[in-house]
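Student: I am new to this structure and would like a close look at one part. Please take it slowly and tell me how each term is meant.

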Amino acid sequence: MKRLPWPAFAGVGVIALLALAAPVLGLGNPVTMDVAHRLAGPSAAHWLGQDEFGRDVLTRLVWGARVSLSVAFAASALACVIGTALGVLGGFLRGIVEMLTLRSIDVLLCFPPLLLALLVVTLAGPGATTLIPVLALVYLPGFTRVAYAGVLTARSQDYVEAMRVLGAGKGRIMLRTILPNIGGPVLVQFSLAAASAVVLESGLSFLGLGVVPPAPSWGLMIGAARATMVQAPLLLLWPCLALTLTILAMNALCDGLRDAVDPHPAYRTGRRRMLDLLAPGLLPQERAVLDLRGLTVAIDTPAGPIQPVRDVSLQLFPGETLALVGESGSGKSLTSLAVTGLLPGAARVAAGAAWLDGTDLVRLPEEKLRLLRGRTMAMIFQDPSSSLNPVHRVGHQIAEAIQAHRRMAPGEPVELLRRVGIPDPERRVRAFPHELSGGMRQRVMIAIAIANGPRLLIADEPTTALDVTIQAQVLDLLAEFKRQSRLSLLFITHSLPVVAEIADRVAVMYAGEIVEQGPMAEVFARPLHPYTAALLRSAPVEDGPPPEGIPGVVPPPHALPPGCTFAPRCPKRVPACEAAHPALVQVAPGRQTRCIRWDA
Amino acid sequence: MNAPLVRADSLTRHFGTAGLFGRGRPVQAVTEVSLSIARGEAVGLVGESGSGKSTVGRLLLGLLPATSGRALFDGTDLAQAKPAELRALRRRMQLVFQDPYGSLDPRRTVGAQIADALVIHGIVPPPARAARVAALLEQVGLAPEHAQRYPHEFSGGQRQRVGIARALATGPDFLVADEPVSALDVSVQAQVLALLADLRTRLGLAMLFISHDLPVVRHLCDRVAVMYLGRVMEEGPVAQVFASPRHPYTRALLSAAPSLHARHRRTRILLQGEPPSPADPPSGCVFRTRCPYALPACAEQIPALQGTEHRVACIRDDID
Amino acid sequence: MSIVLVWVVATVVFMAIHLVPGDPAELLLSQGGAAPDPGVVADLRTQLGLDRPLLAQYADYMLRLLHGDLGQSMQDDSPVTAEIVRRLPRTLELLLVAALFSVAVGLPAGTAAAMRRGSAFDRISSATAGLALAVPVFVLGTLMVMLFAQMLRWVPAGGYVAFARDPLQHLLLLSMPGLTIGVGLAAVVFRMTRAAVLDVMLRDYVRTARAKGVAQRRILLRHVVRTALMPVVTVLALHLGTLLGGTVLVEYVFNWPGLSGLLVSAVNARDYPEVVGIVLVISVLFVALNLAVDILYGVLDPRVRR
């Protein structure tokens, strides 16, 4: 939970305290008149002056707060209790109860709030005692809706079903798991209703339909001061100020509460730091399409910067498939996003270079980088359903990729859909993403990626969200394109069997670093890093020995061990492993490992 | 072996579609599934998304009522059981969820959540509860002091252990594990699978292991049932089904799974297209629209599961 | 579905007078606790048809409603429908000005603030919006009258001139109440736009568009603003609906003879047929607006389309 909005709390608290303490503040009677001094300006006895009947303005303001806040609070509390009960019952009992509560709430919602209030006031007459039930009626639907939605959400949670599996009764589930879960949203709704009730009460009183004179109320005071605004403008200003400040404080409290109860991840902006000088050793190797040199990604967190990707160096040659393998949190996806300049806001490249055909992507201005993306280097992401824009037809989304870089020949999107094996492409080109299955959406993503004949294709877990038979189709399609076009493929995955199917070479990442690199067949047959070996043993093989887990967990990037990052979980650990951080060493042509005991 | 512990008898479950006047076809999630699980036996249920395998698990636990057919636990029909009877049965069958994050209440300590089972069924007297929770935690490889922590303080693998401890608290005979490791990293998967295998032999649990990962099923289960579009296509001992699959869908599924070693790689049968909608399944054999061996006769009638030990629902027994 | 809702609303409004405990006619006539004259009460009962069986009253009410007849005002026996038809356009005019202003200001400002999150512009505009939301319309209206009309004497304090008679004066008089409503609404639109744009910018498909090499400007227009519009439109429409009743205060402050002003005077005079008529018309508009939002949603989001 995030920090609570203390300043707003304090503001509302002060106002509420003043209102509560009104009788004991020695302010006198708010309705005592002094017609001789009507409209008198501020004086020692009357700090804020006197109104058109000579009543003390400060006294009336404080007593007015008492009226406004008590009406608003009582009405919100009434609405909260009844509305929440209705919502919980409706959501929990379902069936006819659900229908009845929701429908009657729908009818109430057909009336704009002020109108509903006016209708009731017509029938029952003005006054504070009418106001409370009227306002309660106005805010009732909000509570019912929030509670109902909360119950529905909670009902579908696995942990609520877990209670059912355990054999828990409805009462226990409601008390133990559902009520605590809707408590937050209901509290927020309460603060919203209270703030809004203050506005509505003052509005009604302003019209003379709320609190009855001579009782003090901010709305009444504003209404009365209107008549004398030319002679005594201050008289109008004071209640306006009091009302606005109160609502401001209450609104701030609502916003704060909402943030605290429903925490959205806080994203922080960060700018990519441009490295000033090029170290001579960072020049690219001759033939590689993609050449990463010491790439390091940093993220600024409230606790200081962390480096989830450190010193990643790898080469990708023409027509080659390099698999970047690692478990969640290994930094493999961040590496690819750093290459393409698509890092999320808080992350930045802190060191290193990424050469694409002799251009350093890390130091390229965004506009130049944009021209490379989608043309020279293309990307496919994991989740095809969220990676396509739901409101545009797939044909348009393909066309957009082409037109960002060159003129499009007519019928090109259809041709691309045909190339990625989508049946009936003339019709499908006009489809929206939700009208296609997951496998077809991923084919559309591939069509977008190959639209401009890229040299480098980065595929980030492209088959993870797909079923086995569909995964086979997509892998087949990617292999087909590679054969046809000498495309270089950087394939990011956590699945070792998939790597075995498609990769020429493999780079294994652990806790932000490459720990082993080499030709796929060699690495799988004779792993030189204990992590690679352990990972291979943990993958189930049909008729092999049962899979073995790796004890322990991956160290988080803010608490890395001083020596080898894998040492705490390593069966081959010796004291030297924990003493110093090992370097990535070349042990044979094309084979690298970050282990000091690789030959042990 | 005597009467099975769990039996599905032509279980069928259709989900109505939303719509004011009940328009639209019902989704046929599960159709006429018959299955039995003996005491201490582990049965794998494999299939792709939308094949209805999770629904079968929920039906067998009585969490969903069946549209037709029966789900029996130790001879009792769950639909006929009285509330008190059902509560007593609940003790004996438990569920392990797929999502280790969503299946634990974020607002309560894991100890309290494990203790829920003990409280609801009055299994142990209050003073002994803490000791029992500690024992359960140790059983799944966690430390007793973990009971005081909240779910967010655990890693995914540890949460799944907590979920298993909660399921074991009632002392069940039967466990439905619904993709219990698919949300976990490979190295953690193996730990949890080893735990499940160990518990199974130690406690003599019967288990329905729902998964889309074929090699995992091969290791953990005695028998396997392959589902496609709500129906069982093939069922039999794991060794037989994996070594000589007889249904074309099982063959395609096995051949599509990528494998670490080239020697396990089967000649890939690439299935064309995608599974049809369960709201509108094809006539006859539901697999025929994607089957490389389909004949006109396949559209005529629904093939029944045939055989004794190794059953298969396909009219083509001539393919090889 | 909407037809059913309108029918339910009409029924509720009809029933409202019967739901209040006691004799409705007596209740309507009782002012400040003094018992009304029994003869007058009886007259009113006859006039409102309250002496007839409930079902007959209801059937009669519905039948007249279908013909667009809302009955006669209790104050001067003039037909309620005619008065509403005369005044409704003026209220809608106010809302139109407010809506145009709020979109013209809130949408670009909200987008710009989201694009430069954390910048000075973002902070200042967010704070301004927070303040605008905290000032009730009648406070803002009253202060504007004091400042622009009484002190600076730039504009008249209020009133109404038909467009046909003096277009310029009409627009001048329209601008103050219109902007008063518009300021609060602009704050709402600003906040919603800012939040929606921030949310959409984090979506995967925006990353896809960037990965395609699409220019920033085009991404903003085609992918971000287009999607962000949906919640903005919903919120704007809902607020406009709420405002259908909420213009009461502004019309009162600026002496604008709209529908809501009529409602206040009707409530003060306890003119039951007139109140019922106005409430009914506004509620129907409210329901229609909600329906329009649903339709618009279908246009903006293909997933909602059938």
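Student: Which residues of chain A does the UniProt annotation "transmembrane region" cover?

Tutor: This is a predicted model, in which local features need pLDDT of at least 70 and side-chain atom pairs count only at pLDDT 80 or more, while totals for chains, interfaces and linings use all residues. Residues are numbered from 1 along each chain as its sequence is written, chains are lettered from A and ligands numbered from 1 in the order in which they are written, and side-chain values use heavy atoms, without hydrogens and water.

According to the unreviewed UniProt entry, the annotation covers residues 71-93, 105-125, 131-152, 173-198, 204-222 and 234-253 of chain A; such annotations may be inferred rather than shown by experiment. Among these spans, residues 131-152 of chain A are 100% helix and 0% strand, with end C-alpha atoms 32 Å apart, and residues 234-253 of chain A are likewise 100% helix and 0% strand, with their end C-alpha atoms 28 Å apart.

For the setting, chain B has 9 helices and 11 strands (DSSP runs, H or I of at least four residues for helices and E of at least two for strands). Its radius of gyration, taken over C-alpha atoms, is 21 Å, close to the 20 Å that the globule rule (2.2 Å times the number of residues to the power 0.38) gives for 320 residues, so chain B is as compact as a globular protein of that length. Along the principal axes, the C-alpha atoms of chain B fill a box of roughly 70 × 50 × 45 Å. Of the 320 residues of chain B, 55% count as buried, meaning under 20% relative accessible area with a 1.4 Å probe and protein chains only.

How values were computed
Buried means under 20% relative accessible area, exposed over 50%, partly exposed in between (1.4 Å probe, protein chains only).
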